[in-house]
Amino acid sequence: MAKGNILIGQSGGPTAVINFTLGGAISRAQAKLDGKIFGLQGGLEGLLTGKELLDLSQLSQAQIQQLTRTSAGALGSGRIKPSEEDLYMALAYLKRYDIRYFLYIGGNGSMQTPLELARIAQAENYEFYCVGAPKTIDNDLVGTDHAPGFGSAARWMAQHTLDAGLDLYTMRGFDHFKVIEAMGRNAGWLAAASVLARFRPNDPPHIILLPEITFDEAVFLEKVEKIYRQEKCCLVVASEGVRDAEGRFLAEAGSGVIGLDPVGKPLLSIGEGVAGYLCRLVKEKLGLKTRYDKPGTLQRGAACLSPVDKDEAFRLGEATVDFALQKQTAIMAGLVRVQQEPFYCSIQAVALSEVAGREKLIPAEYLEGDELNETAFRRYAAPLIGPALPEPLRLY
């Protein structure tokens, strides 16, 4: 049994499976560690503001099972960009608790924290091992085939696009045009997942707008008009971060000045956003009746859990403990796709210096001109959501 205390934290926006990763880490640490298992309340921000560490050492297997059935982040989260002073303050605090292993579950911004803590620990000759565990519904983490949380969010997006499309077809003649706004500031993975709702070529979503493809108003309106003539309705799924040719967010054009979050990223979800902007545009230019859905944080919930997502998140939690106890540091546990059918990913250690602060956008092979390459993207994304959505019976 390895000796020393371990600290586990969660950071950034939660996902449907973030607590599976936490549960996997706690279970593995209970089996392999001779020391305390602590939980970090509210991420690094909680530590810096004096919140006490939570002792998770004696959680029962029943409680861990209950934890994995709990949506959002059970430890709470934070979203700050720590200064050098903050990092040294945090390390001093961890030394007082004799923390020798630090696991941080988060996205690309959050991975900067274990990377920097590993750096200053090394500078102070403190034996301390930092490992990151990936999570994000945005799926924009490099160093991993996909991020835990994306599979369930992708299933949610596909299911709700299917439902919205059927609703829109039912109400043809009354409802004409609808937009569903998906999370994704710079990467359009979640919006792209809506393509998994299509069973026939003309099924919704009729148009998918991604940050990786520059928005052209004239082309967009031409497409909407053509689709409406054919189908008598049009459903669009748009990433919140769609930009025009000048690089300006359409959400900014719709809502005016956009605020910033604690790490300086634009708050695209406020106001009417890109969905409202597109509806106003179509109403003004084409005279169609419009409406939009902004599901927001519902996309991060557990309404459509993917079994693949659950399994991988738990295994990644276990792997982070294994890597830490092997005295690996400044690394993240990443998924490697090794077979498509049956689908399976192995886990490898990835240097955090290759992950922190970087973004994985939808690559060119999944795009075709100004549209998503549906065939290529389906091969990538379909296994992640688990069983395919049930095909509806259309009588009209």
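Trainee: Is D244 buried or exposed?
Mentor: D244 is buried, with a relative accessible area of 14%. Buried means under 20% relative accessible area, exposed over 50%, and partly exposed in between, using a 1.4 Å probe and protein chains only. This is a predicted model: local features need pLDDT of at least 70, side-chain atom pairs count only at pLDDT 80 or more, and totals for chains, interfaces and linings use all residues. Residues are numbered from 1 along each chain as its sequence is written, and side-chain values use heavy atoms, with hydrogens and water left out.

Trainee: Where is D244 in the chain?
Mentor: In the loop between β10 (234–239) and α9 (250–255). Helices (H or I, at least four residues) and strands (E, at least two) are DSSP runs, numbered from the N terminus.

Trainee: What is D244 in contact with, leaving aside neighbours within four places in sequence?
Mentor: T214, F215 and L250. Contact means heavy atoms within 4.5 Å. The C-alpha atoms of D244 and I213 are separated by 9.0 Å, and the two residues are 31 apart along the chain.

Trainee: And which backbone nitrogen does the side chain of D244 reach?
Mentor: That of R248, at 2.9 Å.

Trainee: New topic. How many salt bridges are there?
Mentor: The count comes to 25. The rule asks for a side-chain nitrogen of Lys or Arg within 4 Å of a carboxyl oxygen of Asp or Glu.

Trainee: Why would such side chains pair?
Mentor: Side chains of opposite charge can pair when their charged atoms come close.

Trainee: Which residue forms a salt bridge with D322?
Mentor: K32, with the closest N and O atoms 3.2 Å apart. This pair links distant parts of the chain: D322 is in helix α11 (residues 307–325), K32 is in helix α1 (residues 18–32), and they are 290 residues apart. D322 counts as buried at 15% relative accessibility. K32 is partly exposed at 37%.

Trainee: What about D293, which residue is its salt bridge partner?
Mentor: K178, where the closest N and O atoms are 2.8 Å apart. D293 lies in strand β11 (residues 290–293) and K178 in strand β8 (residues 177–182), so the pair ties together parts 115 residues apart in sequence. K178 is buried at 10% relative accessibility, whereas D293 is partly exposed at 31%.

Trainee: And E371, which residue does it bridge to?
Mentor: K223, with the closest N and O atoms 3.2 Å apart. E371 sits in strand β15 (residues 371–372) and K223 in helix α8 (residues 217–231), 148 residues apart. E371 is partly exposed at 41% relative accessibility. K223 is partly exposed too, at 22%.

Trainee: Which residues do shared partners join into one network?
Mentor: R28, K32, E318 and D322.

Trainee: Switching to α10. What span should it have?
Mentor: Its 14 residues (273–286) should span 20 Å at 1.5 Å a residue, and the end C-alpha atoms are 20 Å apart, which agrees. The expected span is 1.5 Å times one less than the number of residues.

Trainee: Which residues in α10 are buried?
Mentor: Among them are G273, V274, Y277, L278 and L281.

Trainee: What follows α10?
Mentor: G287, whose phi is positive, near 75 degrees.

Methods. A polar contact is a pair of N or O atoms within 3.5 Å; within protein, one must be able to donate a hydrogen and the other to accept it, and residues adjacent in sequence count only if both atoms are side-chain atoms.
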